Amino acid sequence: MRVEQLTCAIGAELIGINLRDAVHDDALFAAIREALIKHRVLFLRDQDITSTEHAAFARRFGDLEDHPVAPTHEDAPGLVKIYKTPDHPVDRYENCWHTDATWREAPPFGAVLRCVECPPVGGDTMWANMVLAYEKLPEDVKARIADLVASHSIESSFGAAMPRDKRLALKSQFPDAQHPVVRTHPQTAEKILFVNAFTTHFVNYHTRERVRYGQDYNKSGSELLQYLISQACIPEYQVRWRWKKNSVAIWDNRSTQHYAVMDYPPCHRKMDRATIIGDQPY
Ligand code: SIN
């Protein structure tokens, strides 16, 4: 296996391997896992594998989870279909900087995304390194956010486009989750800036030290949150991947965010995603 780094910040391409082999080859799987921890997102071309092989490879990292809004693949439980078609061009949720499913108590460990069909041009996906985003924050900001906890909501994201009854049902199935604003990577102990498009507010911002008058609470808390969320937009922390049929991306969902660029005209873009269950952030 050859590993070619794609940017100084994040991402590497794995060359000369097939993920089908990594389902049974322990040494190959260990090398992929090590590369994932180092580069945070891995890319491969020409992975002409079946849906079952796709899910079996992803399961080597851990059990898979479905998505409450996106449909699951008929032939491969654990694979979620993220399909855009000219008939349904508006069901697009991925074009914001986000870490998958932080509205869960235990957000995913990571994901394995395979391109089934893509537009001739456009529809790239971008990833950002949120360890680097934390490292580069000004020291005074790091001190301000050290003990903050934030709330993450499926209701205000996927739910916002639903009628009220469906939105409330979704919220009662997935109540808002609270996570530290700076989480620790369970494998490397790195600090990670952990707020994204699913984050609605800080739950413990209102203290005597931070808030002189009640009126300071909303503005200074939400400005700080928006500033933190905007860090993923900094190009120096990013990599951008152009899809072809059978290209694959594998990412560490704990230390990254991603953004699926919606710049293509109404046409088919079909992606299968295996999402690996993660741990509760600390
Ligand atoms: C996702 O947001 O997990 C999907 C990314 C993509 O479709 O490129």
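Is Ala-189 buried or exposed, and what is the relative accessible area of Ala-189? Ala-189 is exposed, with a relative accessible area of 57%; exposed stands for over 50%, buried for under 20% and partly exposed for the range in between, with a 1.4 Å probe and protein chains only. The structure is a predicted model, in which local features need pLDDT of at least 70 and side-chain atom pairs count only at pLDDT 80 or more, while totals for chains, interfaces and linings use all residues. Residues are numbered from 1 along each chain as its sequence is written, and side-chain values use heavy atoms, with hydrogens and water left out.

Ala-189 has a positive phi of about 65 degrees, although Ala-189 is not a glycine. The residue lies in the loop between β9 (182-184) and β10 (191-193). Helices (H or I, at least four residues) and strands (E, at least two) are DSSP runs, numbered from the N terminus.

A positive phi is also found at Asp-46, a residue other than glycine, with a value near 55 degrees. Asp-46 belongs to the loop between β3 (41-44) and α3 (51-59). The relative accessible area of Asp-46 is 62%, and the residue is exposed.

With a disulfide taken as a pair of cysteine sulfur atoms within 2.5 Å, the count comes to zero. Cys-96 is in no disulfide, and the nearest cysteine sulfur, that of Cys-233, is 10 Å away. Cys-233 is likewise in no disulfide, its nearest cysteine sulfur being that of Cys-96, 10 Å away. Cys-96 is partly exposed at 24% relative accessibility. Cys-233 is partly exposed, with a relative accessible area of 43%.
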